[in-house]
Amino acid sequence: MIYLLIAILCGAMFSVVFKICQIKSISTQQVILFNYITAALVNWAPVIVDIITGGPSRMEDYQLQTPSFLLAIMQGIFFMMGFIIMDISTWRNGVALTTIAARASLVMPVILSWMLLSQPMPSWMPIVLILVSMFMIILPNRQQYHDPSTYRSASDEIRKRRAALALAGTFLFYGISDFSMKLVQHTTVAGLTNPELTDCKLDTLTGVIFIMAALASFIGCLITKCFRKSPIGWKSIVSGAILGCINMCCTSCTVRGLNELSTGLFYPIYNIGTVIIATIIGICLFKEKMKWLQFVGLLLAIIAIMLFFR
């Protein structure tokens, strides 16, 4: 259960860090890159020390089978793209709404895990309620949470559509990414005859994910000429390091939590916790506001998530 609690606290901080970077005019693309470099270093450091010093684990204990390795590479790309779309949505919609969209997506891993991984059958009532709540939250808003001067050349209608698309993309992408994480974890630990090797395999799994995400982020920076537009500064490095430590803790605790709890139990608790914490932070710290329909959608999403416990 401790893995779940740590994952909740870390998960709520993702969009908060992006919001602070946007306020301080820090290149979020560079922050994403340094985040994954930091996460990879923090993840691999104890593994390398364990192998070099002749610890209880051997190098063979950390090796992944080919399917798990390929899935980890795919998950790394998902992670990088997920941070990009969360950054865009946080910019356009704020911390609270972005976190709600990301966490309400739990219906996708729950349904797909039931269909493909023989997980317990989900309750359909909360799934329907979550989809309704997302419709209420994603409806285009007349009031946006960014500086309107940034979009003087775009009409209000275009801004509304972009904000709604960012929320919808966050919902869909994080749902697919969460299921992919469960699939990677399931493939990695399935068939292990020695339970003591589980932590070793999961360390390698998260390490490969972070390396691949860092590589994809670096290529993205080169394509968009990010380093020319904004020279690397200490603010980007420090912000990336902070986000990387948060990311590493969240990912590591998620894969271990999924190893202890079923998808239908882990994700509801995880999502309701991050939604509540991030919403409180967004309203209290960043003075974000919600339209009445979005507030009703938030309450409906929380109720729906709670119904998963029945």
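Some conventions come first. Residues are numbered from 1 along each chain as its sequence is written, and side-chain values use heavy atoms, with hydrogens and water left out. As the model is predicted, local features need pLDDT of at least 70 and side-chain atom pairs count only at pLDDT 80 or more, while totals for chains, interfaces and linings use all residues.

Let me begin with helices, which are DSSP runs of H or I of at least four residues, numbered from the N terminus. Helix α2, residues 14–23, and helix α5, residues 95–104, have axes that come within 9 Å and cross at roughly 145°. Axes here are lines fitted to C-alpha atoms over the stretch in contact, and angles run from 0 to 180 degrees between N-to-C directions. The crossing of α2 past α5 is right-handed, that is, the near helix is turned clockwise from the far one by less than a right angle. In contact (heavy atoms within 4.5 Å) are F14, S15, V16 and K19 of α2 with V95, T99 and R103 of α5.

The second pair is helix α3, residues 28–52, with α4; their axes lie 11 Å apart at an angle of about 145°. This crossing, too, is right-handed. From α3, the residues T28, I32, N35 and Y36 meet F79, M80, F83, I84 and D87 of α4.

How many cavities of 30 Å³ or more does the structure hold? There is one. A cavity is a set of points, on a 1 Å grid over the protein atoms alone, where a 1.4 Å probe fits but cannot get out. The largest cavity has a volume of about 260 Å³, volume being the space filled by probe spheres set on the points. Its lining, meaning residues with an atom within 4 Å of a point, comprises 19 residues, of which F14, F79, Y174, S177 and D178 are the closest to its centre. Helices α4 (66–93), α8 (156–189), α11 (234–260) and α12 (263–284) each supply at least two lining residues.

Finally, the salt bridge, defined as a side-chain nitrogen of Lys or Arg within 4 Å of a carboxyl oxygen of Asp or Glu. The count comes to one. D203 pairs with R256, and their closest N and O atoms are 2.6 Å apart. Because D203 lies in helix α9 (residues 198–223) and R256 in helix α11, the pair ties together parts that are 53 residues apart in sequence.

Technical notes. On a 1 Å grid over the protein atoms alone, a cavity is a set of points where a 1.4 Å probe fits but cannot get out, and a pocket is an open set with protein on both sides within 12 Å along at least five of seven lines; lining residues have an atom within 4 Å of a point.
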